[in-house]
Amino acid sequence: IVFLILVVTCAETTILLCYFHLCSEDYHWWWRAYLSSGSTALYFFMYSIYFYFERLQMEGAASLFIFFGYTFIMAIYFFLLTGFVGFMSCFFFINKIYSVVKTD
C-alpha cells in the first residue's frame, strides 16, 4: 500500500508541475517531468545519511562504505523508478489534454 501511495503521489505532483509549466507556455516538460518526480531519491539518500549517523551504531570504514554503497545503488534505482512514473503520468496527461483540443 505504501508503494501505491508513492506512485500516486509522484504522478499527481508531476502532473501538477507539468500543468503549471504548460500554462506559462513552457513546453520543455520532458526532462523536468522525469527530474521532478525522480528527486524523491535525493530525499531518500539524505535521510539515509541522517539515519546512519544518528540512529545506527556502526563503526569503521568498511561498514560506512558498504552501507552507503548499497544505499546509493538503491537511490539510483529509486530515482529511475519514480522518474519513470512521473514521466509516464505526465506523458499520458499531455496526450489526453491535447487529444481533446479541436482544430478546425
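Guide: The axes of helix α1 (residues 2-23) and helix α4 (residues 61-100) come within 8 Å and cross at roughly 50°. Helices here are DSSP runs of H or I with at least four residues, numbered from the N terminus, and axes are lines fitted to C-alpha atoms over the stretch in contact, with angles running from 0 to 180 degrees between N-to-C directions. This is a predicted model, in which local features need pLDDT of at least 70 and side-chain atom pairs count only at pLDDT 80 or more, while totals for chains, interfaces and linings use all residues. Residues are numbered from 1 along each chain as its sequence is written, and side-chain values use heavy atoms, with hydrogens and water left out.

Visitor: Why are α1 and α4 called oblique to each other?

Guide: Angles under 35 degrees count as roughly parallel, over 145 as roughly antiparallel, 65 to 115 as roughly perpendicular and the rest as oblique; the crossing of α1 and α4 is at roughly 50°, and α1 and α4 are therefore oblique. The contact (heavy atoms within 4.5 Å) includes Cys 18 of α1 and Cys 90 of α4.

Visitor: What makes Cys 18 count as buried?

Guide: Buried means under 20% relative accessible area, exposed over 50%, and partly exposed in between, with a 1.4 Å probe and protein chains only. Cys 18 has 4% relative accessibility and so counts as buried, and Cys 90, with a relative accessible area of 0%, is likewise buried.

Visitor: How many disulfides are there?

Guide: A disulfide is a pair of cysteine sulfur atoms within 2.5 Å, and by this rule the count is zero.

Visitor: What makes α3 roughly antiparallel to α4?

Guide: Helix α3 (residues 40-54) packs with α4 at an angle of about 160°, their axes being 8 Å apart. That angle places α3 in the roughly antiparallel class relative to α4. Among the residues that meet are Phe 44 and Phe 45 in α3, and Phe 67 and Phe 68 in α4. By class, this contact of α3 with α4 has 15 nonpolar, five polar and no charged residues, where Ala, Val, Leu, Ile, Met, Phe, Trp, Tyr, Cys and Pro count as nonpolar, Asp, Glu, Lys and Arg as charged, and the others, Gly among them, as polar.

Visitor: Why is Lys 96 called exposed?

Guide: Lys 96, placed in helix α4, has a relative accessible area of 56% and is therefore exposed. Glu 25, in the loop between α1 and α2 (30-38), is also exposed, with a relative accessible area of 62%.

Technical notes
Helices (H or I, at least four residues) and strands (E, at least two) are DSSP runs, numbered from the N terminus.
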